[in-house]
Amino acid sequence: MSDTSRRQSGRKKGSLTARRTASGRASKGFEALLDEMSAAMTRALAHEIDDEIERWLRKIVLALDLDRSTFWERASADLGFICTHWWGRPEAPKMPPNAVATRVSPWLTAKVLAGESLIYTGLDGQLPIEAPELRRFVEAYGPVANVTMPLQVGATVVGGLTFDKYRGPRDWPEQELRRLRVVGQIMASALDRKRADLQTRELQAEVTLAARRSAMGEFAASIAHELNQPLGAILGNANAARRMISGEKSNPGEAVAALGDIVEDAKRASGIIRRVRALFKDGNSPKTVLDLSVPLAEIEGLLRSEAGVRKLSLRIEVAPSLPPIMGDRIQLQQCLLNLVLNAFDSVAAANSQRREVLVRVVQEKAGWVRVSVSDSGHGIDPLVQGRLFEPFVTTKPNGMGMGLLVTRSIVESHGGKISGKSNDDVGATFSFTLPTSRGRLREERAEA
């Protein structure tokens, strides 16, 4: 072999070695990227997954020198998929918001729903003849090279994922396709977790609303009783005012006083109705800085009226100078209603001479407020002591066993804890703690 041939052969070997070395470095780099992505998606809370998906679409596109990637979530049967996230280079076409897959290609939508992928490296006759609408779309708007793959959890397709190249054809080596499938698996798991969390929240909201409406059913008698008082007073004062004005000896001064009483009683009746409407309200009000005595004061009239109907004593003690909390007023009203109504039921079932319920709100220690509801009932059945907050656990003949479960869920969503135990003498006490607004802020800073 001549010196020239040896030099050329050496250059070829050196070039091949350099390409292999570069390919190996790129492979290791992408493997590390996948590890980082998997860890990030696993750590992300359900409400953070959308931001993580967009962040990793960008990283994958840049790492593989692609132009755009789109993320599609499973929708209804007639829509197939809706594009919820995408990232592309400035020169890549922008995706319209909430693009619908069936409008792009019913054929491709059906293919992905069946768990199949579409891969092409260029536009030279690689698109299927049986999908003319896809060919027309790609030739007009689409990428020169593309990978479209399903996102699956087990055998269920939960979404779709595309990787596009617009600047020219591109090969998709099998090793790279395997890595893109891993990307899809990671994102599918994250999407499934997000959907499960959303379904749990929706179910929890439905159960909470059902429990609230059930509680309102128990208030029917006390609401009627409380409304009858101002309405009766209004009727009496109206008749008196009419006599004072139309009689032979009219008394304008007393008529004005009667009309003033009518106005005050009307305001009182309006306040009762306003409290009832708040308890029926769908959804949650936002968490705000809140004095815990506010939700208690708003339902106090209803609670006292119910106590009067049941012929028992209700005592409410709120410590002075309580620090505010960060809370949802409507949800905290639900907690108080559930616990106090349970206490009323316990006292009624005990059928004893002592018929008392005590609600106490105190500052337990720095950064925490404690709410306790004590009764003089029959205490907690030892058979259910350890399962008080589990679903469908109840000692009431007609109970569903959901009230305490809902109450625990609300308390824990506020960062607190709840417990229940029998008292040493009679009855039981249920208590829950809530962090003050300053305490909650310290916790959030520590977590960050």
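Predicted model: local features only at pLDDT ≥ 70, side-chain atom pairs only at ≥ 80, totals over all residues.
Residues are numbered from 1 along each chain as its sequence is written, and side-chain values use heavy atoms, with hydrogens and water left out.

**View 1. Overview of the protein.** The protein has 12 helices and 12 strands, where helices (H or I, at least four residues) and strands (E, at least two) are DSSP runs numbered from the N terminus. Of its 448 residues, 42% count as buried, a term that means under 20% relative accessible area, with exposed being over 50% and partly exposed in between (1.4 Å probe, protein chains only). Among the contacts in the protein with a separation of 6 or more, 67% are accounted for by residues 24 or more positions apart, contact meaning heavy atoms within 4.5 Å.

**View 2. The open sheet of five strands.** The strands of this open sheet follow the order E2-E1-E5-E4-E3, with antiparallel pairing; two strands pair if DSSP finds at least two bridges between them. Strands E2 (81–88) and E3 (118–120) stand at the edges with a single partner strand each, so one side of each is left without a neighbour in the sheet. From one strand to the next the twist averages 20°. Strand E1 (residues 68–74) is joined to E2 by seven bridges in the antiparallel sense, and threonine 70 stands opposite tryptophan 86 in E2. Helix H4 (residues 106–113) lies across E1, E2, E3, E4 and E5, running at about 40° to E4, where axes are lines fitted to C-alpha atoms, for helices over the stretch in contact, and angles run from 0 to 180 degrees between N-to-C directions.

**View 3. Strand E4 and its two partners.** Strand E4 (145–153) is mostly covered, with seven of its nine residues buried. Three bridges join E3 to E4 in the antiparallel sense, and tyrosine 120 stands opposite asparagine 146 in E4. E4 also pairs with E5 over nine antiparallel bridges, and valine 153 stands opposite threonine 156 in E5. The hairpin of E4 and E5 has two residues between the strands, and there glycine 154 takes a positive phi near 65°.

**View 4. Lysine 194 in helix H6.** Lysine 194 is found in H6, a helix of residues 174–218, and counts as buried because its relative accessibility is 17%. Its side chain makes a polar contact of 2.9 Å with the side chain of aspartate 50; such a contact is a pair of N or O atoms within 3.5 Å, of which, within protein, one must be able to donate a hydrogen and the other to accept it, and residues adjacent in sequence count only if both atoms are side-chain atoms. When neighbours within four places in sequence are left aside, lysine 194 is in contact with Ala46, Ile49, Asp50 and Glu73.

View 5. Leucine 358 is buried, with a relative accessible area of 12%. The C-alpha atoms of leucine 358 and glutamate 317, which are 41 residues apart along the chain, are separated by 7.7 Å. Leaving aside neighbours within four places in sequence, leucine 358 is in contact with Arg315, Glu317, Ser372, Val373 and Ser374. E9 and E10 pair in the antiparallel sense over eight bridges, and the bridge partner of valine 359 in E10 is valine 373. In the hairpin of these strands, with two residues between them, glycine 367 takes a positive phi near 90°. Strand E10 (residues 368–375) is mostly covered, six of its eight residues being buried, and it pairs with strand E12 (residues 428–435) over seven antiparallel bridges.

**View 6. Helices H10 and H11.** The axes of H10 (residues 329–350) and H11 (residues 403–413) come within 9 Å and cross at roughly 145°. By class, their contact has six nonpolar, seven polar and no charged residues, where Ala, Val, Leu, Ile, Met, Phe, Trp, Tyr, Cys and Pro count as nonpolar, Asp, Glu, Lys and Arg as charged, and the others, Gly among them, as polar. Just after H11, glycine 415 takes a positive phi of about 90°.
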